[in-house]
Amino acid sequence: MSFSIRKPGVRHPALPKNSLGLTKRDYEGAMSTLCAGCGHDSVTAAIVQAFWELEVEPYRVAKLSGIGCSSKTPTYFLREAHGFNSVHGRMPSMATGANAANRDLIYIGISGDGDSLSIGLGQLCHAIRRNVNLLYVLENNGVYGLTKGQFSASADVGSKSKRGVPNVQRPIDPVLLALTLGATFVARGFSGNKEHLVPLLKAGIAHDGFALLDVISPCVTFNDHTGSTKSYRYTRDHAQDVSPVDFVPIRRAIEVSGAGGSNGNGVSPSSGANGHAAPGSDAASGTGDEPMAVMMHDGSVVRFRNVPAGYDPTSRDGAYAHVRALQDRGEVAMGLLYIDPELADMHEQNMTSLRPLTEVPYEELCPGSAALDRLMESYR
């Protein structure tokens, strides 16, 4: 990294601190070299916010990635955390091994739709099956940004490339894949909605087991044009939230009236658990199944609908059916879609060491040939 793009070391004395005495600047990393306006940088900002609010010491975190624009993200947050950048598509194996050796760390893996759904698809599937204790953030833009905009495995049918060529192959939906394979936490967020994304990240970090968070993160260079179903405008126009968000900013609240408002089970992507729209904005009412438009603080408009009455995020079949139904209508399901806090994680299933292997004495790690002979004899 050249000296010209290093972050200045000077801190404003009025920056707020958490109980550890750390500011959000202490949770940042290097300056981003991604394209200006890239959705991945918004994901980085949300991750910084989430760890700062959770008051996690940066050295207690292990961040891992593979190859791609998304896999550069760990460089930009938690500079004092442990980190490993694996070869293309192999991040889940590295995370599995590291997690098995040291359960005391908090693990976050950053990947992309190419890294996860093409070359790394088998790796992702087995990490889900093993229920590795890991927050897996999949930054999903539908293209290969580093190799100039080819369609990835998540590109929707009919979505057009920057050259105007439509995609004809059916996509792999990471949310449906995770639900099918038995993931214990499945959620979807949008890089352009930090207020909605931060609580999802915090919930995924706190979850014991594999937490998949698919984040629609538009590529401003190759996939933010008219005709793309991964663009900012398409996602904002079609996003639907399916579960409450547990973060309510301390601002002037806006109440949403009419049948199109929240019923307590679902809220707008920027709303809080009280069922109100984003505080400080202007409300508009809707009726029945009509979408509701709510003006945000920045002047943008978020359109959302009620979730089905009685939506149950603990029902895997219900979550799958809901996502598919919205897909058939050309809409995107957002929020916490499924959670199972009861299924044993990889440590419980395999009875891994309670102590990190770095703390186990050499005599226990290598007890000698006699102990090995006794072990082998027990299998005869």
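Colleague: What percentage of the 380 residues in the chain do buried residues make up?

Modeller: This is a predicted model, in which local features need pLDDT of at least 70, side-chain atom pairs count only at pLDDT 80 or more, and totals for chains, interfaces and linings use all residues. Residues are numbered from 1 along each chain as its sequence is written, and side-chain values use heavy atoms, with hydrogens and water left out. Buried means under 20% relative accessible area, exposed over 50% and partly exposed in between (1.4 Å probe, protein chains only). Among the 380 residues of the chain, the buried share is 48%.

Colleague: How many helices and strands does the chain have?

Modeller: Both are DSSP runs numbered from the N terminus: helices are H or I with at least four residues, strands are E with at least two. By that count the chain has eleven helices and twelve strands.

Colleague: Is strand S1 mostly covered or mostly open?

Modeller: S1 spans residues 61-65, and five of its five residues are buried. On one side these are Val61, Lys63 and Ser65, and on the other Ala62 and Leu64. With both faces of S1 covered, the strand is mostly covered.

Colleague: Which residue of S3 is the bridge partner of Leu64?

Modeller: Two strands pair if DSSP finds at least two bridges between them. S1 and S3 (residues 106-112) pair in the parallel sense over five bridges. In S3, Leu64 is bridged to Gly109.

Colleague: Which residue of S2 is the bridge partner of Lys63?

Modeller: S2 covers residues 82-85 and runs parallel to S1, joined to it by four bridges. The S2 partner of Lys63 is Gly83.

Colleague: How are H1 and H6 oriented to each other?

Modeller: For H1 (39-54) and H6 (residues 194-206), the axes come within 9 Å and cross at roughly 55 degrees. Angles under 35 degrees count as roughly parallel, over 145 as roughly antiparallel, 65 to 115 as roughly perpendicular and the rest as oblique. H1 is therefore, relative to H6, oblique.

Colleague: How many nonpolar residues are in the contact of H1 with H6?

Modeller: Contact means heavy atoms within 4.5 Å, and the residues that meet include Ile47 and Phe51 in H1 and Leu201 and Ile205 in H6. Ala, Val, Leu, Ile, Met, Phe, Trp, Tyr, Cys and Pro count as nonpolar, Asp, Glu, Lys and Arg as charged, and the others, Gly among them, as polar. Beside one polar and three charged residues, the nonpolar number is eleven.

Colleague: How are H5 and H8 oriented to each other?

Modeller: The axes of H5 (residues 174-181) and H8 (residues 316-328) come within 10 Å and cross at roughly 160 degrees. Among the residues that meet are Leu176 and Leu179 in H5 and Tyr320 and Val323 in H8. By class, this contact has seven nonpolar, two polar and two charged residues. The two helices are therefore roughly antiparallel.

Colleague: Is Asn131 buried or exposed?

Modeller: Asn131 lies in the loop between H4 (121-130) and S4 (134-140). Its phi is positive, about 55 degrees, although Asn131 is not a glycine. Most residues other than glycine have a negative phi. With a relative accessibility of 2%, Asn131 is buried.

Colleague: What is the relative accessible area of Glu55?

Modeller: Glu55, in the loop between H1 and S1, has a positive phi of about 60 degrees without being a glycine. Glu55 is partly exposed, and its relative accessible area is 32%.

Terms used: Axes fitted to C-alpha atoms, helices over the stretch in contact; angles between N-to-C directions.
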